[in-house]
Amino acid sequence: MKEKPYELLEDDQTKKLGKNNEAKITLYNALPCKEHERVFMCKTTKEVWHTLIITHQGNSQVKNYKIDLITQEYENFSILNEETIDSGFTRFNAIVTSLKSLDPNYSIKNYVRKFLRALPLKWRAKVTATEEAKDLATLPLDELIRNLKVYEMVFDNDGNRFETTLRKGQVFSLLLKLNLRAN
């Protein structure tokens, strides 16, 4: 479309221009300064949007490569022994969200099963109990996380009591040895 002065535009063209400017302003206001600098030369909202997509997702080849990398990250995901359920879930959720944002049609089935498989060995009793008690195909991931967090609190509390008991036993043993040496 050939550029015309605003005064010479027809009503439908001025409405389109107004909507385009509204949309651009909305996008500009939503963007951080760094992103704003990338798109400030764009004339239309479509150009702004296209620039942002190419910048963050790349072309289809780059996008497919990113999907492959994140899929590999998903497949290799595991929760570390010292890691909490919250931090493990945060990492897991970031991977899943990234995959969904790059390809809305990408389907990963059985998030619950994957998360359970990613837990360290100290969780095996809870994993087995969950598998036996729940239908994993219908169990929502957030419900699983809530259950695991409760178990984690109990597990940590029991561990602290065991350590306290162990320390008391060590102190008693030490006192006994000192008492035997004194006699």
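Reply: We begin with burial: a residue is buried under 20% relative accessible area, exposed over 50% and partly exposed in between (1.4 Å probe, protein chains only). Phe115 is buried, at a relative accessible area of 0%. The model is predicted, so local features need pLDDT of at least 70 and side-chain atom pairs pLDDT 80 or more, while totals for chains, interfaces and linings use all residues. Residues are numbered from 1 along each chain as its sequence is written, and side-chain values use heavy atoms, leaving out hydrogens and water.

Me: How is a pair of aromatic rings described, and which pair involves Phe115?

Reply: The description uses the distance of the centres and the angle of the planes. Rings of Phe, Tyr and Trp (its six-membered ring) pair if their centres lie within 6.5 Å; planes under 30 degrees apart are stacked, over 60 edge-to-face and the rest tilted. Phe89 and Phe115 form an edge-to-face pair, 6.3 Å centre to centre with 75° between the planes. Phe89 lies in helix α5 and Phe115 in helix α6 (residues 111-118), so the pair ties together parts 26 residues apart in sequence. Helices here are DSSP runs (H or I, at least four residues), numbered from the N terminus.

Me: How many aromatic pairs does the structure hold?

Reply: There are seven aromatic pairs. Ring pairs link Tyr74, Phe77, Phe89, Phe92, Tyr111 and Phe115 into a cluster.

Conventions: Helix = DSSP H or I, 4+ residues; strand = E, 2+ residues; numbered from the N terminus.
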